[in-house]
Every structure is written in structure tokens, then in C-alpha cells.
Amino acid sequence: AQAGSLEVLRHASVPILRFVDIVSGLPIDVSINNAGRANADRTRIELQRRPAMRPVLLALKVLLRQLRLHETYSGGIGSHLLFSMVLKAC
């Protein structure tokens, strides 16, 4: 996707807006569901308790992206699943 583009993923299990930030060029996915706030709070708390998880998660996210295994709608591993897997392993 190009900077400034907006895409709606209708085939995902929850509505997802995908866009690329114009300033940073980073791709951003925003899912809209009721559990999002609770998941974000849990993630924040667990990362505060286990600061060593953050670099592990970032390295795994880079690896998954390089292997094109980061898109959940195509069978890859998304951030929430990856977080849950790493949390279980700690």
C-alpha cells in the first residue's frame, strides 16, 4: 500500500481499516471490536511486568514480516497471537 492509502478488509473476522502513515511510512491496521481496549490494557500491563518481552516481540515481528507470515487474514500470525504465544513461553 502507498502512503495515504486506505483499505477496508471486509473478509477479516472483525472490521479492519488498513492504511500507511504519510509521515513515517509505517503500515497501520486498526481493528474495531469491543475487546480491543481490554486487550490493549492487558498487553500494556504484561509488558510492564516483563520488559524483556518487548525486544523479543519486535524481533519476531520483523522475522514474520520478512517471511510474509504477518497477515492474519492470509493465515499468518498477527500481533495479538504473537504476544499471547510469547507470554505463554515466558
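These legends walk through several close-up views of one predicted protein model.

In this predicted model, local features need pLDDT of at least 70 and side-chain atom pairs count only at pLDDT 80 or more, while totals for chains, interfaces and linings use all residues. Residues are numbered from 1 along each chain as its sequence is written, and side-chain values use heavy atoms, with hydrogens and water left out.

**View 1**
Start at the N terminus and follow the elements in the order β-β-β-α-α-α. Helices (H or I, at least four residues) and strands (E, at least two) are DSSP runs, numbered from the N terminus. The C-alpha trace spans about 35 × 30 × 30 Å along its principal axes. Of the 90 residues, 19% count as buried; here buried means under 20% relative accessible area, exposed over 50%, and partly exposed in between, with a 1.4 Å probe and protein chains only. Among the contacts with a separation of 6 or more, 30% come from residues 24 or more positions apart, where contact means heavy atoms within 4.5 Å.

**View 2. Val8 in strand E1.**
Strand E1 covers residues 6–9, and Val8 is one of them. With a relative accessible area of 41%, Val8 is partly exposed. Setting aside neighbours within four places in sequence, Val8 touches Ile16 and Leu17. Look also for Asp29, 21 residues from Val8 along the chain: their C-alpha atoms are separated by 9.6 Å.

**View 3. Thr43 in helix H1.**
Helix H1 runs over residues 36–49 and includes Thr43. Thr43 has a relative accessible area of 24%, so this residue is partly exposed. From Thr43 to Ser31 there are 12 residues in sequence and 16 Å in space, C-alpha to C-alpha.

**View 4. Helix H2 packed with helix H3.**
Two packed helices are described by the angle between their axes and the distance between the axes. For H2 (residues 53–66) and H3 (residues 79–89), the angle is about 130° and the axes are 10 Å apart. Axes are lines fitted to C-alpha atoms, for helices over the stretch in contact, and angles run from 0 to 180 degrees between N-to-C directions. H2 and H3 are therefore oblique to each other, since angles under 35 degrees count as roughly parallel, over 145 as roughly antiparallel, 65 to 115 as roughly perpendicular and the rest as oblique. On the H2 side, the contact is made by Met53, Val56, Leu57, Leu60, Lys61 and Leu64, and on the H3 side by Ser79, Leu82, Phe83, Val86 and Leu87.

**View 5. The buried side of H3.**
Leu82, Phe83, Val86 and Leu87 are the buried residues of H3. They cover an arc of only 130° around the axis, so they sit on the same side of H3; the arc is that of the directions from the helix axis to the C-beta atoms. On the face turned away from this buried side you will find the exposed residues Lys88 and Ala89.

**View 6. Arg68 and Glu71 in the loop between H2 and H3.**
Arg68 lies in this loop and counts as exposed, at 72% relative accessibility. Its phi is near 60°, a positive value in a residue other than glycine. Most residues other than glycine have a negative phi. Glu71 belongs to the loop as well, but is buried, with a relative accessible area of 17%. Leaving aside neighbours within four places in sequence, Glu71 is in contact with Arg18, Asp29 and Gly76.
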